[in-house]
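Start with the view below.

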Amino acid sequence: MAKKYRAVESKIHWLTWVIMATLVTAMIVLLVVLQPAPKDVFYDSYSAVATDVNFEKKLPKNNNYILINRLEDGFLGINKGLYSVTNKVDQVSIVYFGAPSLENGSNHVANVYARLYGTDKVDPVIAASDLYVQLEDQVKLYHFEHDGTDFSKLVETLNEKYEDAKIVASNVPFVLVLLNNEVVDFAVLSEENIPLQLFNFYNDVLASDSVQAILN
């Protein structure tokens, strides 16, 4: 006759479950806290490859760049994309497309910033652009990291989104200006004198009909 065995039920005290859950939660929180902030990663990545001795004077660590890495919003709209963050009434959105891995990438990202906001930490002093002086908080500067791979496809997508934009660009670094969900201007940073190109570019944006319309 087969023997019958009664299964022994092991019970874990509820307090043990609470302690385990608390430890797991604490580990997760600790991992999150120890992760470097995206803004720090952004700055350190450019700073590590900077060749301009004035890099930190042109682009301070506490800067106004707003980081975006996608066109559409992410899941549940948590990670905002270019289309939504730039679609603000009477906001001039300047979007810089580039990456630390580009040749002179750190110089470009610093000059885009310094020629817009200015800096008195270099000699000669770089004056803030008239675009920023006249619009101040209505101007927002975004950084869209892109190393140039298949950039022409991204431009094609932008041209589909913004009717009559006629953006012509096949590589980065690239600057796009949007206002009231329309393209105001764009520029491929390819001229020999990039600071001068940016100076003229910001002046052209200021002189555009769409920007003048919100000033008048």
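## Salt bridges

Lys80 and Asp73 join their side chains in a salt bridge, 3.8 Å from N to O. The term means a side-chain nitrogen of Lys or Arg within 4 Å of a carboxyl oxygen of Asp or Glu. Lys80 is partly exposed, at 41% relative accessible area. Asp73 is partly exposed too, at 31%. Here buried means under 20% relative accessible area, exposed means over 50%, and partly exposed lies in between (1.4 Å probe, protein chains only).

The structure holds three salt bridges. Another pairs Asp52 with Lys58, at 3.0 Å from N to O. Asp52 is partly exposed, with a value of 22%. Lys58 is buried, with a relative accessible area of 13%. Asp44 and Lys61 also meet through their side chains in a salt bridge, 3.5 Å from N to O. This pair links distant parts of the chain, 17 residues apart: Asp44 sits in helix α2 (residues 38-47), Lys61 in the loop between α3 (55-58) and β1. Asp44 is partly exposed at 39%. Lys61 is partly exposed at 44%.

## Basis of the model

This is a predicted model, where local features need pLDDT of at least 70 and side-chain atom pairs count only at pLDDT 80 or more, while totals for chains, interfaces and linings use all residues. Residues are numbered from 1 along each chain as its sequence is written, and side-chain values use heavy atoms, leaving out hydrogens and water.

## The sheet

Five strands form an open sheet in the order β1-β3-β2-β4-β5, with mixed pairing. Its edge strands, β1 (66-68) and β5 (182-188), each pair on one side only. On average, neighbouring strands are turned by 25° against each other, direction ignored. Strands (E, at least two residues) and helices (H or I, at least four) are DSSP runs, numbered from the N terminus. Two strands pair if DSSP finds at least two bridges between them.

β1 and β3 (residues 139-145) run parallel and are joined by three bridges. Ile68 stands opposite Phe144 in β3.

## Helices on the sheet

Helix α7 (residues 151-161) packs on the sheet and touches β2 (92-98), β3 and β4 (174-179); its direction makes about 160° with that of β2. Contact means heavy atoms within 4.5 Å. Axes are lines fitted to C-alpha atoms, for helices over the stretch in contact, and angles run from 0 to 180 degrees between N-to-C directions.

Helix α8 (residues 194-207) lies across β2, β4 and β5. α8 runs at about 165° to β5.
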